[in-house]
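I opened my notebook to go through this one piece by piece. Here is what I looked up, in the order I got to it.

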Amino acid sequence: IERRRAEQARRTSEERFRLAQQAAKIGVFEWNIQTGVNVWSTELEELYGLQPGSFGGTQKAWEALVHPEDRGKIVEKVRQAITTGAPIEAEWRVVWPDKSIHWIAGRFRVHQDAEGTATRMSGVNFEITERKRIEDELRRANQDLEQFAFSASHDLQEPLRSVKLYSELLGREFAGQVSPDAQRYI
């Protein structure tokens, strides 16, 4: 009876995990570093634009999906995780089979055996394409605003120079002819 309860609790927990994973669109993976087998959830395959069950199941198959400009950086992060055992967070682009580019964020960690040898890596990925699009828009808007502020500042400085020059001329021209208060105002 106790074993049945434990089994039911495990199934319930797995169902909740699965539901949360689907709702949040989070993909999970587990890579056995010793055998090279990399197992992905259906959600992770979807994040990479793949049909369920079509992922190649190896680290090299994953690397091939990473955008060529980001591949070296993220492979180095994986190497660092294996070397140091520290958890890693990273962002990278992936190229879907339809050639569209999407942003992925990932968090992963290495598991070690009793001798400290890296045996497997597990982690989660989630899509951040929309966030990156908004960041790019904000960056462009800030650049436009900076350019406008520079232009407006420059455009306002010229009339101020004229006013300053004219007031200096008035001050020299009428020095001693106006009251001290008027001279101060000039």
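In which helix do glutamate 137 and arginine 133 lie, and how many residues apart are they? I found both in helix H5 (residues 129-173), four residues apart, about one turn of the helix. Helices here are DSSP runs of H or I with at least four residues, strands are runs of E with at least two, and both are numbered from the N terminus.

Before going on, I noted the ground rules. This is a predicted model, so I kept in mind that local features need pLDDT of at least 70 and side-chain atom pairs count only at pLDDT 80 or more, while totals for chains, interfaces and linings use all residues. Residues are numbered from 1 along each chain as its sequence is written, and side-chain values use heavy atoms, with hydrogens and water left out.

**Entry: salt bridges**

I looked up what joins glutamate 137 to arginine 133, and it is a salt bridge with the closest N and O atoms 2.2 Å apart. The term means a side-chain nitrogen of Lys or Arg within 4 Å of a carboxyl oxygen of Asp or Glu. Next I checked accessibility: buried means under 20% relative accessible area, exposed over 50%, and partly exposed in between (1.4 Å probe, protein chains only). Glutamate 137 counts as partly exposed because its value is 38%, and arginine 133 is partly exposed at 37%.

I then went to the start of the chain. Arginine 5 and glutamate 2 sit in helix H1 (residues 2-24), three residues apart, about one turn of the helix. They form a salt bridge too, with the closest N and O atoms at 3.9 Å. Arginine 5 is exposed at 56% relative accessibility, and glutamate 2 is exposed at 57%.

Back in H5, I found lysine 164 and glutamate 168, four residues apart, about one turn of the helix. Their side chains meet in a salt bridge at 3.5 Å, N to O. Lysine 164 is exposed at 52%, whereas glutamate 168 is partly exposed at 36%. I also noted a network: salt bridges with shared partners link Glu91, Arg131, Lys132 and Glu135. The structure holds 15 salt bridges.

**Entry: helix H4**

Does the length of H4 agree or disagree with what its residue count gives? I took 1.5 Å times one less than the number of residues as the expected span. For the 17 residues of H4 that should be 24 Å, and the end C-alpha atoms are 25 Å apart, which agrees.

Which residues of H4 are buried? I listed Asp70, Ile74, Val78 and Ala81. They cover an arc of only 75° around the axis, so they are on the same side of H4; the arc is that of the directions from the helix axis to the C-beta atoms. The face turned away from that buried side carries the exposed residues Pro68, Gly72, Thr83 and Thr84. I checked what covers the buried residues, and it includes strand E1 (26-32), H3, strand E3 (88-95), strand E4 (101-112) and strand E5 (118-127). Just after H4, glycine 85 takes a positive phi of about 80°.

**Entry: histidine 67**

I found histidine 67 in the loop between helix H3 (59-65) and helix H4 (68-84). Is it buried or exposed? Histidine 67 counts as buried because its relative accessibility is 10%. Its side chain reaches the backbone nitrogen of glutamate 69 at 3.1 Å. Leaving aside neighbours within four places in sequence, histidine 67 is in contact (heavy atoms within 4.5 Å) with Arg93, Val94, Val95 and Ile101.

**Entry: the whole chain**

Last, I zoomed out. I counted six helices and five strands, running α-β-β-α-α-α-β-β-β-α-α from the N terminus on. The radius of gyration, taken over C-alpha atoms, is compared with a globule rule of 2.2 Å times the number of residues to the power 0.38. The chain comes out at 31 Å, well over the 16 Å the rule gives for 186 residues, so it is more spread out than a compact globule. Along its principal axes the C-alpha trace spans about 110 × 40 × 40 Å. Of the 186 residues, 25% count as buried.

Key. A polar contact is a pair of N or O atoms within 3.5 Å; within protein, one must be able to donate a hydrogen and the other to accept it, and residues adjacent in sequence count only if both atoms are side-chain atoms.
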